[in-house]
Amino acid sequence: MLKGIDHRLNADVLGALRAMGHGDYVVVVDTNFPADSVARGTTAGRLLRMENLTAAQAVQAILTVLPLDTFVPDFAGRMQVVGEPETVPDVQAEVQAEVDRAEGQPRPLPGIERFAFYDLAKGAYAVIQTGERRFYGCIMLRKGVIGPEA
């Protein structure tokens, strides 16, 4: 246990988040996502897990240490519901609330078509699989920067 670090962030996840650079992204996925096979092709090269958490709980913990990119419109994204791209399921609404809370303002998550999300995930720095069992609990988060302290 360390002071000031969310206890839900395990060593593997913290290591990956720390190693990522500006513009690198991580995908946080549900239990139905083909996480292990996709993760083998990422920079991290293996699947990371936060398996006892919902998608929103995992994103909340991650955003305690990960700044989101402010230079690009795809600072984050959510997997679109097949055939209903404008639908935002409860699981994604919960994640959206955590993003807004961490950012201190509304930052709507752009939708990413399902197969485009799979392709995007293959280029991620890491794949983190949660214990989320609801469908469409798949989110992309792009790392931003931390400016010099005044």
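## Phe 33 and the aromatic pairs

Phe 33 is buried, at 5% relative accessibility (buried means under 20% relative accessible area, exposed over 50%, partly exposed in between, with a 1.4 Å probe and protein chains only). This is a predicted model, in which local features need pLDDT of at least 70 and side-chain atom pairs count only at pLDDT 80 or more, while totals for chains, interfaces and linings use all residues. Residues are numbered from 1 along each chain as its sequence is written, and side-chain values use heavy atoms, with hydrogens and water left out.

The structure holds three aromatic pairs (rings of Phe, Tyr and Trp, the last by its six-membered ring, pair if their centres lie within 6.5 Å; planes under 30 degrees apart count as stacked, over 60 as edge-to-face and the rest as tilted). One of them joins Phe 33 to Phe 117 in an edge-to-face arrangement, with 6.0 Å from centre to centre and 85 degrees between the planes. The two residues are 84 apart in the chain: Phe 33 is in the loop between strand 1 (25-29) and helix 2, and Phe 117 is in helix 5 (residues 114-122). Helices (H or I, at least four residues) and strands (E, at least two) are DSSP runs, numbered from the N terminus. Phe 117 is buried, with a relative accessible area of 0%.

Phe 115 and Tyr 118 also form an edge-to-face pair, at 5.6 Å centre to centre and 70 degrees between the planes. Both lie in helix 5, three residues apart, or about one turn of the helix. Phe 115 is partly exposed at 48%, whereas Tyr 118 is buried at 18%. Ring pairs link Phe 33, Phe 115, Phe 117 and Tyr 118 into a cluster.

## A charge over a ring

Arg 107 lies over the face of Phe 75, at 3.7 Å from the ring centre. A charge sits over a ring if NZ of Lys or CZ of Arg is within 6 Å of the ring centre and within 35 degrees of the ring normal.

## Salt bridges

Side chains of opposite charge can pair when their charged atoms come close. The count comes to nine salt bridges, each being a side-chain nitrogen of Lys or Arg within 4 Å of a carboxyl oxygen of Asp or Glu. Asp 6 and Arg 8 meet in one of these, at 2.7 Å from N to O; Asp 6 is buried, with a relative accessible area of 17%.

Another salt bridge joins Asp 12 and Arg 46, whose closest N and O atoms are 3.0 Å apart. Asp 12 lies in helix 1 (residues 11-19) and Arg 46 in the loop between helix 2 (35-39) and strand 2 (48-50), so the pair ties together parts that are 34 residues apart in sequence. Both partners are partly exposed, Asp 12 at 39% and Arg 46 at 43%.

Arg 142 and Asp 74 form a salt bridge of 2.9 Å, N to O. Arg 142 is in strand 6 (residues 139-142) and Asp 74 is in the loop between helix 3 (55-62) and strand 3 (76-79), so this pair ties together parts 68 residues apart in sequence. Arg 142 is buried, at 11% relative accessible area, while Asp 74 is partly exposed at 33%. Salt bridges that share partners also join Glu 94, Glu 132 and Arg 134 into one network.

## The largest pocket

About 160 Å³ of space lies in the largest pocket. On a 1 Å grid over the protein atoms alone, a pocket is an open set of points where a 1.4 Å probe fits, with protein on both sides within 12 Å along at least five of seven lines; lining residues have an atom within 4 Å of a point. The volume is the space filled by probe spheres set on the points, which are joined across faces, edges and corners.

Among the lining residues are Leu 14, Leu 17, Arg 18, Met 20, Lys 143 and Gly 144. The lining divides into eight nonpolar residues, one polar and two charged (Ala, Val, Leu, Ile, Met, Phe, Trp, Tyr, Cys and Pro count as nonpolar, Asp, Glu, Lys and Arg as charged, and the others, Gly among them, as polar).

## Loop residues

Gly 21 is in the loop between helix 1 and strand 1 and is partly exposed, at 27%. Its C-alpha is 7.9 Å from that of Gly 144, although the two are 123 residues apart in sequence.

Gly 123 is in the loop between helix 5 and strand 5 and is partly exposed, at 47%.

Tyr 136 is in the loop between strand 5 (126-130) and strand 6. Its phi is near 70 degrees, a positive value in a residue other than glycine. Most residues other than glycine have a negative phi.
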